[in-house]
Amino acid sequence: MRNIQDCFCKMTYWLLIIFTSLLGTDGWSDNRQRKFKDDFLFGAATSAYQVEGAWNIDGKSESIWDRYFHEHPEVVVDGRNGDVGSDSYHQYKRDVELLRELGVDFYRFSMSWNRILPTGFPNKINEKGIQYYDNLINELLKYNIEPVVTLFHFDLPQTLQDLGGWANPLCIEWFEEYARVVFDKYADKVKYWITVNQPNDICIESYESDRWPPAAESKGIGPYLCIKNVMLAHANVYRLYVNEYKNKYKGSVGISLAVNWLEPLNNKTENVEAVELYREFTLGLFINPIWSKEGDFPQVVKDIVAKRSKEQGFTKSRLPILSKQEIKLLKGSSDFLGINHYTTSLVSPSSDEFPSPSIADDVRVQLSKRSEWKIAKSPWLASAPYGIYKACIHINLKYDYPPVFITEHGWSTDVGLQDEDRAYNLREYMKAILLAIEDGTNLKGYTAWSLIDNVEWSAGTSERFGLYEVDFDSDDKTRTPRLSAHVYKRLIKTRVVEENWKPKSMKMKISDRKFKEPEPKAEL
Ligand code: PNW
């Protein structure tokens with residue numbers, strides 16, 4: 001019976017692959033209007049460093065981003081770093097008002113490790129930091145908005161980076177200690193947890209390149225150490241929650257991976273093979289240990305890194321081994337998969353000389369975009385809506401229908417309230433998501449990145465991702481709805497994508513969809 005099922009599954013897989021590739025980039029959808037079911041959740045996201053500001057206020061200590069941007073102000077494109085950012089530390093009530101205007105079901109935000117544990121360790125708990133997140137969570141719950149908390153969104157305490165950061169296996173333990181403090185304080189109120197945001201970027205950008213702090217540039221070595229440690233840190237915290245909190249609080253814990261779609265430059269076998277390989281390096285290393293039947297890092301990645309390491313004179317593979325116990329710890333260590341999806345890239349083999357050793361040299365591919373794809377303000381961000389459909393179907397079939405949340409998706413523009421491009425991109429991707437749901441993916445929710453303009457890392461505020469514009473020159477960092485905020489609000493309310501809908505006015509009111517003002521308390 002199982003065999004018949006497997007066979008059927010495989011057949012469906014290949015039929016869908018053939019079907020989706022036949023559809024190509026055009027005409028992949030029809031004109032039917034589809035509807036989001038009532039239990040599909042809508043939300044918006046931000047992250048601590050990018051919006052909070054208050055970098056050294058009320059006991060918060062220095063994260064790697066504070067240190068990096070203070071020491072290298074020249075890397076921030078427009079000079080606006082996260083010292084003040086969108087000042088959500090002081091404006092959080094206004095942020096919750098925006099969420100109420102949109103009518104979202106949840107708000108995804110991250111906690112700053114440094115704000116909670118200024119030394120990085122639980123020897124000193126910063127009560128003012130604890131209070132801040134408590135206030136934010138209470139404000140959300142007051143209006144029936146579910147808090148979705150990311151424990152780690154790139155901002156490691158500098159104290160821990162000084163000890164090697166994610167390249168040091170002790171970081172697994174440090175992360176668990178931090179998570180325990182957070183769970184103890186908030187597990188009664190927070191039901192959705194994301195351990196780590198985009199481990200791939202954490203490890204590649206910080207250890208393979210000099211683009212992110214600590215700019216360690218330990219090519220081909222550091223990133224692999226980091227990957228193993230970050231993944232084990234995630235799994236440990238998942239197990240911690242399951243063993244000590246889940247029975248009582250009934251929450252879910254997941255991880256958010258960067259899952260952009262990759263496709264071959266054209267149908268030549270070498271390109272198809274290059275895509276498969278690159279996908280295993282960028283997604284497989286993270287998804288396989290948790291969701292594949294066999295667990296572990298993908299075999300093809302293990303083989304290639306071992307081969308190259310040997311050729312380079314290393315005594316063992318630069319990709320560390322996962323022990324049997326570690327494989328067991330990682331397998332199944334997530335209640336849901338968070339997908340951060342922004343764009344699609346074309347992949348082909350590269351004959352360039354890469355630095356040796358390096359991940360680029362291990363994988364040897366090059367990326368490009370189709371000329372017809374519209375590019376956002378961020379040069380890496382091209383609009384190719386069918387990519388989200390293909391990514392969802394791929395994950396669904398290859399990893400046995402995991403429950404998926406889109407935990408980030410968005411578009412960058414210049415300053416300006418009439419963001420037709422963002423509104424268009426949102427609608428087109430929403431249509432693709434509806435199609436993916438119709439074709440059987442286990443999609444539970446969608447998160448717009450971002451609620452408000454924020455500090456886009458080294459791009460500063462030169463690339464705006466917000467549904468709401470932030471006036472960074474004003475004292476209260478005034479938030480004003482863009483066209484896309486209206487479009488998103490309307491979509492959440494009607495549950496359908498309306499091509500030509502326009503708001504009558506740019507003024508926003510609190511959504512009448514689900515929030516009621518709390519009843520005034522009777523005077524005693
Ligand atoms: C995400 N890419 O990063 C991060 O989680 C956010 O902090 C960030 O602000 C947002 O996306 C927009 O950049 C990404 O190259 C960085 O495809 C790069 C890519 C995707 C996501």
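Which side chain makes a polar contact with the side chain of Q158? The legend to view 1 answers this, after two notes on the model. The structure is a predicted model, in which local features need pLDDT of at least 70 and side-chain atom pairs count only at pLDDT 80 or more, while totals for chains, interfaces and linings use all residues. Residues are numbered from 1 along each chain as its sequence is written, and side-chain values use heavy atoms, with hydrogens and water left out.

**View 1. Q158 and its partner D162.**
The side chain of Q158 makes its polar contact with the side chain of D162, at 2.8 Å. A polar contact here is a pair of N or O atoms within 3.5 Å; within protein, one must be able to donate a hydrogen and the other to accept it, and residues adjacent in sequence count only if both atoms are side-chain atoms. Q158 belongs to helix α7, residues 158–161. Helices (H or I, at least four residues) and strands (E, at least two) are DSSP runs, numbered from the N terminus. With a relative accessible area of 9%, Q158 is buried; buried means under 20% relative accessible area, exposed over 50%, and partly exposed in between, with a 1.4 Å probe and protein chains only. Leaving aside residues up to four places away in sequence, Q158 touches E62, S63, I64, R67 and N114, where contact means heavy atoms within 4.5 Å.

**View 2**
Take a look at the shell of 13 residues around the ligand, of which Q50, H153, N260, E408 and E456 come nearest. A residue is near a molecule if one of its heavy atoms lies within 4 Å of it. The shell divides into 6 nonpolar, 5 polar and 2 charged residues. In this count Ala, Val, Leu, Ile, Met, Phe, Trp, Tyr, Cys and Pro are nonpolar, Asp, Glu, Lys and Arg are charged, and the others, Gly among them, are polar.

**View 2. Polar side-chain atoms facing ligand oxygens.**
For N260, a polar side-chain atom lies 2.7 Å from an oxygen atom of the ligand. The side chain of W457 has an N or O atom 3.0 Å from a ligand oxygen, and a polar side-chain atom of Y342 lies 3.1 Å from an oxygen atom of the ligand. On its own the ligand has 460 Å² of accessible area, and the protein covers 86% of this. Accessible areas come from the Shrake-Rupley method with a 1.4 Å probe; for residues, only the protein chains shown count as cover.

**View 3. T343 in its loop.**
T343 sits in the loop between β7 (336–340) and β8 (344–349). T343 counts as buried because its relative accessibility is 2%. Not counting residues up to four places away in sequence, T343 touches N260, W261, K369, W380, L381, A382 and Y429.

**View 4. The disulfide of C203 and C226.**
The count comes to 1 disulfide, a disulfide being a pair of cysteine sulfur atoms within 2.5 Å. C203 and C226 form a disulfide with their sulfur atoms 2.1 Å apart, and the link is left-handed, with -70° about the S-S bond. C203 lies in helix α9 (residues 199–208) and C226 in helix α10 (residues 222–244), so the pair ties together parts that are 23 residues apart in sequence. C203 is buried at a relative accessible area of 0%, and C226 is buried at 0% relative accessibility. C171 is in no disulfide, and the nearest cysteine sulfur, that of C226, is 8.5 Å away. C171 counts as buried too, at 0% relative accessibility.

P213 and P214 are joined by a cis peptide bond, with omega about 10°. P214 lies in the loop between α9 and α10, and E217 has its place in the loop between α9 and α10. E217 is not a glycine, yet has a positive phi of about 45°. At 40% relative accessibility, E217 counts as partly exposed.

The peptide bond from W449 to S450 is cis, with omega near 15°. S450 is in the loop between β13 (443–449) and β14 (468–470). K477 lies in the loop between β14 and β15 (479–481). Although not a glycine, K477 has a positive phi of about 50°, and K477 counts as buried at 10% relative accessibility.
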